[in-house]
Amino acid sequence: MLLSKKKALRYLIALFIIFTLNFIIPRTMPGDPITNLLGENFIASEATIQELKIELGLDKSLSFQYLDYWKDIFTLHLGYSYHFNQKVISIIFMRMKWTLALLFPSILLGAILGTLLGALSGWKKNNLGNKATTWAFLAVYSSPPYFLGIIFLYVFSFKWGLFPFKGFYETGTFLDVLQHLFLPILIMSTFAASRNYMIMRGSVLIEKEKLYVVYARAKGLYGNSILFRHIFKNASLPVITLIALDFGFLLSGALFVEIVFSMNGMGTLIYEALLSRDYPVLQGCFLIITIMVIAANFFADILYSFIDPRVKEKA
Amino acid sequence: MDLLVIENLKVTFQTPPEQVRAVDGVTLELKQAETLALVGETGCGKSTIALSILRLLPENADVRGKIIYRNNDLLLLPEKELAQLRGKDISLVMQNPALALNPVYSIGHQMTEPLIVHRRLKKPKAIQTAKNLLEKLHFKGPSNAIRAYPFEMSGGMKQRVLIGISVVLSPKIIIADEPTKGLDDRLREMVLKELRLVREMNRSSMIFISHDLNAAREISDRIAVMYAGEILESAATQEFFKEPLHPYSQALLESLPERGFKPIPGVSPSMIQPPRGCKFHPRCPDKKEMCSKQRPDFKRTKNRDVKCVLYS
Amino acid sequence: MLNRFGLVLVVLFVLIAILADIISPHDPWDRFEPYEKPNRNHILGTNDIGNDILSELIHGSRASLIVGIGAAIIATLLGLLVGLFSGYFKGALDEIFMGITDIFLMIPRIPLIIMLAAFLKSSIWLIMLALGLLWWTSTARVVRSRTLQVREMDYVASAKCLGFKNRHIIFSDILPNIFPVVVPKFMLTVATAMISEASLSFLGLGDPSMKSWGLMINFALIKGGLVNEMWWWYLSPGLCIILFVYSIVSLGFSFEERKKVNLR
């Protein structure tokens, strides 16, 4: 069994509650419920509105609406966007791949870079180079990623013309895509790395005082091999927890970076939806992002149980 | 011939604002295939000696003196060369096996590590070697033990695993630091039996560190009694138990259950500001006036070394 | 050295926010010649409608610091309460509280706030409250695990034997021992809250009646500050955010590292 029953139950409850929240919010917010459900781009005659009210089930009681809401979710009916003139689910699916193309390489690179450098920084003596690396990562840690995006965009694209200034759409070769994705991925992976770096560094600082390190030396291990053969695995446990917890935060960061680089992903979609108050799209995005965050947590739990044998036993 | 010679070893821990003098001028020799027991109360500096031989003390330890092994002073050897001796020539059975074993690696992984690091063995071969060794040590189900993780084992099992690891590379010297601490009688016997076994396997010398006098009596050829960072008496084990010379040795033996359980009066001395003169004099039943003034030197009497004015 | 630097900067920024009215050279709402380059009268130039950027920056520290510190205070108090009760009483209460914490951990916080802000009229108070109510979870976890350690200590057991009330034990015996873990956590929460506020403002969800640094960046971008190469306009609020967050985060981390050494 990969996951304890208790954990699985918590995931289900979380999913249930967050989805319910998504049902409640548009119906309790001030303003016209039709507008809240269809978006401000929807303008229609009184007759159509009455028809739509029936179609949307707004004439029914809340509990009926709630049941319908779940039915819609299981059949992937997330509503219709009058701003984009498309089904919400198909817009999101179209845009999601660019967000994922930015997010996953960044999380992976950030994890590798951050844990590796953080581990070395915690392990080595605190010399000038080490301190400088920590300062640099701390500075990235303290920056809103979109602001880094603005600076990079200005310097590399606007000033030096090394990278395209405008965003891109689905045409283009692999190299073209890579050129467009390079700066956003660079920024997001450094940002992710900075968070992993700080945690890994602190974690190694604790772990290296433990007795098993002395024992590893007694067995004849020397230098960095103590770090990589003994400390690294123990110290990376908090980082795995962090990567799961951070996923939502990084995802949000990626959304903003997308907007800066005018990438055609979910971030830009949310931005457009926000400007035109296209509520169905906003809600749809919220649902899909929730599913992504929960999936990431689920994955991290499994990874954790592979690294820490003590967890597998309890599950 | 002496395999290992410790000369005037002094270890001071800098823990501002204080200095803890854990080892205060210890001289010892360890002969080929000899087992030397180092006994004394907890906190008298026994373990510090063990760790300073392998230079495993924390950075705030100031270590002086000489530790000669094969014409090399271990205290002066470059870290890299010393690392090649650790585990291979001189191995250590640590106290507190629960913390010494790495929680996230299997026993097999940790047992084979010396073979992989020092001998560059391939993993399957190393595992086989480890398994054979566990079998020789009478482990029940060596294959299961190899696959197990430390948290799945009892304290006694972990201690036995440490003993197993100490001998995988057939070392010349095995240092066993309080190996029977916290074990019940049955496990204690088992561990002692095992230590005898590993010692015999390669005719290794052994430094057996313990506060358990009976264990020391069972296993050692020679015994050295430590008090507050100093050795007060060193003698052949048989003779020592027949007739301890130093008042502290006598008191120590009398505190044993089978000899009347008489506790030693007074408290252990401070390691920060040890008493002047003989460190034992405040608790000594036979103290003379000069004991509080002058620290006695080793004197050779009745085929042993004693540090007490009574024998000078 | 790092933390002294951080401490000085944090204090400096707080002083600037408090004394904004006195030290700022102009009223941030006064209008001068628009799009001026930095000059003697306007050290950081003026924006599109002629507001003095330095004065805006000085007054902007108020909104930014209020949101950051306010949200962190709400989050820390909530996290402290949940963690303390969870760790102290254990059992069913612990299960329920930690279940709730796990669920909150999985809410995509910024997207949720975006959605709420889309429906409601945005203000810094709303953002502060929303950030605070959503960001307490990791504090709660840390506090809980520390409480579990502390409650096993001897003096807590003896306080129980002496018949002290639970409330008394929690607040006078356990709480003081939890501060070493809460203080750095609080500082990191300030940092996250400020970065989040700046990001939300970037989407135009800020409070136009009380301009924060994030909102200044947003205005500078839409009003062409980037394309016209008026770097002093968008760069200075960004650097203020980074500098303040940097100083508070470095304080937090150095606090944590020192604590580890002491606890050893």
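Two pairs of chains are in contact (heavy atoms within 4.5 Å), and chains A and C share the most contacts of the two. Chain B and chain C do not touch, with their nearest C-alpha atoms 12 Å apart. Some housekeeping: residues are numbered from 1 along each chain as its sequence is written, while chains are lettered from A and ligands numbered from 1 in the order in which they are written. Because the model is predicted, local features need pLDDT of at least 70 and side-chain atom pairs count only at pLDDT 80 or more, though totals for chains, interfaces and linings use all residues; side-chain values use heavy atoms, with hydrogens and water left out.

**Chain A on its own**

- Chain A has 13 helices and two strands, both taken as DSSP runs numbered from the N terminus (helices are H or I, at least four residues; strands are E, at least two).
- The C-alpha trace of chain A spans about 85 × 55 × 35 Å along its principal axes.
- Of its 315 residues, 53% count as buried, meaning under 20% relative accessible area with a 1.4 Å probe and protein chains only (exposed is over 50%, partly exposed is in between).
- If you take the contacts in chain A with a separation of 6 or more, residues 24 or more positions apart account for 75% of them.

**Where A meets C**

- Here 52 residues of chain C are in contact with 55 residues of chain A.
- The buried area between chain C and chain A is about 5,000 Å², and carbon and sulfur atoms give 78% of that; the term covers the accessible area (1.4 Å probe) that two parts lose on being put together, summed over both.
- On the chain C side, C:M106, C:M115 and C:F119 lose the most area to chain A, together 15% of what that side buries.
- Two salt bridges cross this interface, a salt bridge being a side-chain nitrogen of Lys or Arg within 4 Å of a carboxyl oxygen of Asp or Glu.
- The side chains of A:R10 and C:E95 meet in a salt bridge at 3.8 Å, N to O.
- Helix α11 of chain C gives the most to the side that touches chain A, with 13 residues.

**Where A meets B**

- On this side, 22 residues of chain A are in contact with 31 residues of chain B.
- Chain A and chain B bury about 2,500 Å² between them, 60% of it on carbon and sulfur atoms.
- A:Y215, A:K219 and A:R229 supply 28% of the area that chain A buries against chain B, more than any other three residues.
- There are three salt bridges between chain A and chain B.
- A:K219 also has its side chain in a salt bridge with that of B:E113 (3.0 Å, N to O).

**Nonpolar cores**

- A nonpolar core is a set of buried Ala, Val, Leu, Ile, Met, Phe, Trp, Tyr and Cys residues joined through side-chain atoms within 4.5 Å.
- The largest one has 135 residues, and A:L282, C:I114, C:W213, C:F244 and C:V249 touch the most other members.
- Helix α11 (residues 231-263) of chain C gives the most to this core, with 13 residues.
- A second, separate core of 101 residues includes B:F139, B:A216, B:I231 and B:I264.
- Leaving out residues up to four places away in sequence, C:V249 touches A:L138, A:Y141, A:S142, C:L188 and C:A191.

**Strands in chain B**

- Strand β1 (residues 2-15) and strand β4 (residues 61-69) of chain B run antiparallel, joined by eight bridges; two strands pair if DSSP finds at least two bridges between them.
- B:K10 has B:R64 in β4 as its bridge partner.
- β4 also pairs with β5 (residues 72-73) of chain B in the antiparallel sense, over two bridges, and B:Y69 stands opposite B:N72 in β5.
- The hairpin of β4 and β5 has two residues between the strands, and B:R70 there takes a positive phi near 50 degrees.

**A closer look at B:H138**

- B:H138 sits in the loop between α5 (123-136) and α6 (142-147) of chain B.
- B:H138 counts as exposed because its relative accessibility is 55%.
- Not counting residues up to four places away in sequence, B:H138 touches B:R160 and B:L197.
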